[in-house]
Amino acid sequence: SIVSHQAVFEGCKQREMRLVTTLIQTDLQEQMTKAAARASIAVNLPSVKEAFRAGNRERMLDRVLPVYLVQRDRFGVVDAQFHTAPAISYLRIYAPEEVQGEDLSSFREMVVGANKDHEPRKGVEIGRQGVSIRAIDLVKDAEGYIGSFEVGMNFMTVLDNIKKNTGFEAGVFVDNDMMSRIATSVPKPDAERIVAGFRNVGATDWNIIKPLLMPELLTSATDIKMELKTIVGIHYGIVIVPLLDYKGINIGSIIAVQE
């Protein structure tokens, strides 16, 4: 009877974990699509095209900033910026007070590719503000290509959706060396947030996730993993989904856990 009960429990937990895996993958794609839709709206505004062509940053900011602030506060948009080729940050809408014109070519391959090929891009990449789910579209007018516009979505939207829809607590971890080198606008994390060379950049409840983080869970996360673990007499279901950047390279993982 005990063995039978345990088998039923494990079967139910496995089904729950498979559902969580599907939801993580689906929601990532949905956030990319939403970012692409927002970017598309901005690049097709005639006033934005005219101001960009004229090199009028103030007018571009006046047109886009109010919309960005609403999107940031209500829908998890954390990044919005215009670029010129190859990957020059022409106007950071999220930080207009900063000096503009930084060359991002050495680490923002997604931006370089979009401006080189004149094709939209979407996916995950690390920027100065950290890792986010991004989409880039091209700004063009009757004279041709002008530059690009990017929208970045906060990973907390995905993590909050996991918790809301499944009850699993969730966190996202990214290669710490990459974060330290690229995300220079992000404060250094507490030491406990770095596990096996991966930095926690968001979590629904860190206090629940932290005790379950064995280094091997992160270092071996090259494919989807589902595990049942018993810690201090409590049974946990743990899901690990590799976090791939826009090129398909593994840069971390998303972890979801539940008793």
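**Around a buried arginine**

Modeller: The side chain of Arg-134 is in polar contact with that of Glu-150, at 3.3 Å, where a polar contact is a pair of N or O atoms within 3.5 Å, one of which, within protein, must be able to donate a hydrogen and the other to accept it, residues adjacent in sequence counting only if both atoms belong to side chains. This is a predicted model, in which local features need a pLDDT of at least 70 and side-chain atom pairs count only at pLDDT 80 or more, while totals for chains, interfaces and linings use all residues. Residues are numbered from 1 along each chain as its sequence is written, and side-chain values use heavy atoms, without hydrogens or water.

Arg-134 also reaches, through its side chain, the backbone oxygen of Gly-130 at 3.1 Å. Arg-134 belongs to strand S4, strands and helices being DSSP runs numbered from the N terminus (E, at least two residues, for strands; H or I, at least four, for helices). With a relative accessible area of 1%, Arg-134 is buried, a word that stands for under 20%, with exposed for over 50% and partly exposed for what lies in between (1.4 Å probe, protein chains only).

S4 is part of an open sheet of five strands, in the order S2-S1-S5-S4-S3 and with antiparallel pairing; two strands pair if DSSP finds at least two bridges between them. S2 and S3 form the edges, and because each has a single partner strand, one side of each is left without a neighbour in the sheet. On average, and with direction ignored, neighbouring strands of this sheet are turned by 35 degrees against each other. The antiparallel pairing of S4 with S5 runs over nine bridges, and Lys-140 has Tyr-145 of S5 opposite it. Helix H2 packs on this sheet and touches S1, S2, S4 and S5, its direction making about 115 degrees with that of S5; here contact means heavy atoms within 4.5 Å, and the angles, which run from 0 to 180 degrees, are taken between the N-to-C directions of lines fitted to C-alpha atoms, for helices over the stretch in contact. Helix H5 lies across S3, S4 and S5, at about 125 degrees to S4.

Directly after H4, His-118 adopts a positive phi of about 55 degrees.

On the nonpolar side, the largest core has 58 residues, of which Phe-82, Ile-93, Phe-149, Phe-155, Ile-162 and Ile-254 touch the most other members; such a core is a set of buried Ala, Val, Leu, Ile, Met, Phe, Trp, Tyr and Cys residues joined through side-chain atoms within 4.5 Å. Helix H1 (residues 2-43) contributes the most to this core, with nine residues. Neighbours within four places in sequence aside, the contacts of Phe-149 include Ala-39, Ala-42 and Val-43, as well as Phe-82, Ile-93 and Ile-136.

To return to charge, 16 salt bridges are found in the whole structure, each a side-chain nitrogen of Lys or Arg within 4 Å of a carboxyl oxygen of Asp or Glu. Arg-53 and Asp-141 form one of them at 2.8 Å, N to O, and this pair links H2 with S4 across 88 residues. Both ends are partly exposed, Arg-53 at 33% relative accessible area and Asp-141 at 23%.

Arg-108 and Glu-125 likewise meet in a salt bridge, at 2.8 Å, N to O; Arg-108 lies in the loop between S2 and H4 and Glu-125 in S3, so the pair ties together parts 17 residues apart in sequence. Both Arg-108 and Glu-125 are buried.

A further salt bridge, between Glu-109 and Lys-247, has an N to O distance of 2.6 Å, and connects H4 with the loop between S10 and S11, 138 residues away. Glu-109 is partly exposed at 40% relative accessibility, and Lys-247 is partly exposed with a relative accessible area of 40%.
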